[in-house]
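Student: I would like to learn how to read a ligand site and a few backbone features. Please take me through them.

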Amino acid sequence: MPEYLTKLFNLRGKVAVVIGGAGHLCSVMSEALARAGVKIALVDKNDANRKTAARRIKRITSSIIDLPMDVTNKQDHAAVLKAVLKIFKKVDILINGAGTNAPTPVMDISLEEWHAIFDSHATATLFGCQVFGAQMIKQRQGSIINLSSVSSGPPLSKAFTYSVAKAGVKNLTQNLAREWAPYGVRVNALRPGFFPTQWSMKHFIDDKRKAAILGHTPMARFGQPQELVGAVLWLASDASGFVTGSEVHVDGGFTCMSI
Ligand SMILES: NC(=O)c1ccc[n+]([C@@H]2O[C@H](COP(=O)([O-])OP(=O)(O)OC[C@H]3O[C@@H](n4cnc5c(N)ncnc54)[C@H](O)[C@@H]3O)[C@@H](O)[C@H]2O)c1
C-alpha cells in the first residue's frame, strides 16, 4: 500500500475490543482490524461461534484472545477489561456490536422480551462505553464505534423494541461524544442498512419485504459485511481524528430515499 495511505490509516499495534465479535458483521470487522495490524479481543456470549471466528483470525495474527461475555451484565464488561489489560495493556478501539431482535407485533411484546432486546443493544452499549470508555479516558485517547441501524430513525416496521434501542444507541453516542471529546475519546455510530443474516432471512425478510427494502434502497441490493470495513478502519484510525458524534451511513442510500 502506498506509504501515504499506510500513515493516514495506521492502526498497527492498536488494541480493539470487539463485542459481538462472533456475529455476521463484527467477525468480518475483527478480521479486517487484524489484517491492519490490530490486536484483537473478540468478545461474545456464543462460545461456538466465538471460537470459530477466533480460529479464522488466528490465521492472520497471533495477537488475538477470545472472551465470553453477556453484554447485559456490567460485571462481565469489567472482567473482560481486566483480562484485556492483563494481556494487551491498553484499549484503543471498542466496537459495541452485539444484540438481538424479534418481529413481535407491538401489542404482543412482553416486558421480558422488551428488556432482552433493549438491554442487548442500548443498555449493553451504555455498559461497554462506561467500562471501556473509563479506560480510554485514563489513556486520554480512544475510538468507540457503536452499532446503530437504519431503524434508529425513522423506526423500522416489525422491529419495535429494536428501533427504540437503536435510537437510544444513536442518542447515547452523541451524548458521550460531547462529554468525552475533552479527553481525546471519540464516540461514533455506524448505521448499516440491510446486511441480511440467516436469522433475518428466516424471521424478518420474506419476498414482499425484500422487494420493499430493495425498492427503498437506491443501490437496489443488500450490503455485504465487507462493505462496512472501510468505515470501521476510518473511524478506528486517526484519519477520522476530527469526527465524533457522527452516525456514519453505510446503507446503499436507504436513509436518503424518499420517492
Ligand atoms: N445485519 C444487519 O443488517 C444489521 C443492520 C443494522 C445494524 N446491525 C447491528 O449490527 C450488529 C451486528 O449484527 P449482525 O447482523 O452481525 O448480527 P449477529 O446476530 O450475526 O451478531 C450479533 C452477535 O451478538 C451476540 N450477542 C447477542 N446477545 C448477546 C449478549 N447478551 N451478550 C453477548 N453477546 C450477545 C450474538 O451471539 C452474535 O454473535 C448488531 O448490533 C445489529 O443490531 C445489523
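Student: Where does the ligand sit?

Tutor: First, the basis: this is a predicted model, where local features need pLDDT of at least 70, side-chain atom pairs count only at pLDDT 80 or more, and totals for chains, interfaces and linings use all residues. Residues are numbered from 1 along each chain as its sequence is written, and side-chain values use heavy atoms, with hydrogens and water left out. A pocket is an open set of points on a 1 Å grid over the protein atoms alone, with protein on both sides within 12 Å along at least five of seven lines. A molecule sits in a pocket if more than half of its atoms lie within 2 Å of the pocket's grid points. Here the ligand sits in the largest pocket.

Student: How many residues surround the ligand?

Tutor: A residue counts if one of its heavy atoms lies within 4 Å of the molecule. The shell has 25 residues, and the closest are His 24, Leu 25, Asp 44, Tyr 162 and Phe 195.

Student: Which polar side-chain atom lies 3.0 Å from an oxygen atom of the ligand?

Tutor: A polar contact is a pair of N or O atoms within 3.5 Å. The side chain of Lys 166 supplies that atom. From the backbone, an N or O atom of Ala 98 lies 3.0 Å from a ligand oxygen, and a polar atom of Gly 99 is 3.4 Å from a ligand oxygen. Alone, the ligand exposes 820 Å², of which the protein buries 85% (Shrake-Rupley method, 1.4 Å probe).

Student: Which residues does a cis peptide bond join?

Tutor: Most peptide bonds are trans, and most residues other than glycine have a negative phi. The cis bond joins Gly 153 and Pro 154, with omega about -10°. Lys 89 has a positive phi, near 75°.

Notes: A polar contact is a pair of N or O atoms within 3.5 Å; within protein, one must be able to donate a hydrogen and the other to accept it, and residues adjacent in sequence count only if both atoms are side-chain atoms. On a 1 Å grid over the protein atoms alone, a cavity is a set of points where a 1.4 Å probe fits but cannot get out, and a pocket is an open set with protein on both sides within 12 Å along at least five of seven lines; lining residues have an atom within 4 Å of a point.
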